[in-house]
Amino acid sequence: MTEAKKLSLIAFSGDYDKLTAVFTLATGAAAVGYEVNIFFTFWGLDAIKQKTGRSFLGSNWLTKIFGYMMGGLGVTPNSRFNFCGIGPKIFRYLMRKNNVATLEELVDAAKLLGVNLYACEMAMHVLGLRKEDFIPEVKDVLGVATFLELSEGGRTLFI
């Protein structure tokens, strides 16, 4: 029995470099015909927020402050060598200089290639987020058991 051409990624990190890895794998796999599912949980949810900067998203004062500190795709830090926020700007410059897609371009490519984007229900509850806080391409809000069912028969990576 051969494994299905399916790749499922769990995006736990909200770091620029790690999200770049998630979307590089996702778009590469989708481009060669894989079914690709990305499950965004906790800090990974920053990648799919509608508001790309810092905003007071949340259901109460504590989650709103937390949402502001986390930010969105436009303010994601590097996991190392962040240099007070300059690190991602350096990465974007180097990527453009070397004709490599930036994180933002990879996210756009994933949308065009039909990558399935899912938000973690439990993390959303903890962080006070709603489905409306995310980009329209988020296919659904799922629990872990449902995501595991979707992932069955393929490879799953945790980043």
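Welcome to a quick tour that starts with charge: the protein carries 17 positive and 15 negative side chains, and the centres of the two sets lie 7 Å apart. Here Lys and Arg count as positive and Asp and Glu as negative, with His and the chain ends not counted, and each charge is placed at NZ of Lys, CZ of Arg, CG of Asp or CD of Glu. This is a predicted model, in which local features need pLDDT of at least 70 and side-chain atom pairs count only at pLDDT 80 or more, while totals for chains, interfaces and linings use all residues. Residues are numbered from 1 along each chain as its sequence is written, and side-chain values use heavy atoms, with hydrogens and water left out.

**Overall fold and dimensions**

- The protein has six helices and five strands, where helices (H or I, at least four residues) and strands (E, at least two) are DSSP runs numbered from the N terminus.
- Their order along the sequence is β-α-β-α-α-α-β-α-β-α-β.
- The radius of gyration is 15 Å, close to the 15 Å that the globule rule gives for 159 residues, so the protein is as compact as a globular protein of that length. That radius is taken over C-alpha atoms, and the rule is 2.2 Å times the number of residues to the power 0.38.
- Along its principal axes, the C-alpha trace spans about 50 × 40 × 25 Å.
- Among contacts (heavy atoms within 4.5 Å) between residues at least 6 apart in sequence, 67% join residues at least 24 apart.

**Surface and burial**

- The accessible surface comes to about 8,700 Å², and 61% of it belongs to carbon and sulfur atoms. Areas come from the Shrake-Rupley method with a 1.4 Å probe, and for residues only the protein chains shown count as cover.
- Of the 159 residues, 43% count as buried; the cut-offs are under 20% relative accessible area for buried, over 50% for exposed, and in between for partly exposed (1.4 Å probe, protein chains only).

**The largest nonpolar core**

- In soluble globular proteins, nonpolar side chains tend to be buried together.
- A nonpolar core is a set of buried Ala, Val, Leu, Ile, Met, Phe, Trp, Tyr and Cys residues joined through side-chain atoms within 4.5 Å.
- The largest such core holds 40 residues, of which F23, I38, F40, L45 and I48 touch the most other members.
- Two or more residues each come from strand 1 (6-11), helix 1 (16-31), strand 2 (35-40), helix 4 (103-112), strand 3 (116-120), helix 5 (121-127) and strand 4 (138-142).
- Helix 1 gives the largest share of this core, seven residues.

- F23 lies in helix 1 and is buried, with a relative accessible area of 0%.
- Not counting residues up to four places away in sequence, F23 touches I38, F40, A47, L103, L106, V107, A110 and L117.
- The C-alpha atoms of F23 and V141 are separated by 19 Å, with the two residues 118 apart along the chain.
- F40, leaving aside neighbours within four places in sequence, has contacts that include A11, F23, L45, I48, L117 and C120.
- C120 sits in strand 3 and is buried at 3% relative accessible area.
- Beyond its neighbours within four places in sequence, C120 is in contact with F39, F40, T41, L45, V141 and L142.
- C120 and A109 are 11 residues apart in sequence, and their C-alpha atoms are 22 Å apart in space.

**Two lysines**

- K6 is found in strand 1 and is buried, with a relative accessible area of 11%.
- Leaving out residues up to four places away in sequence, K6 touches Y34, E35, N37, L150, S151, E152, G154 and R155.
- K18 belongs to helix 1 and counts as partly exposed at 34% relative accessibility.
- Setting aside neighbours within four places in sequence, K18 is in contact with S13, S79 and I159.
- From K18 to I48, 30 residues apart along the chain, the C-alpha separation is 14 Å.

**Positive phi in the loops**

- Most residues other than glycine have a negative phi.
- F42, in the loop between strand 2 and helix 2 (61-70), has a positive phi near 40°.
- N99, in the loop between helix 3 (86-97) and helix 4, has a positive phi near 55°.
- N99 is also exposed, with a relative accessible area of 76%.
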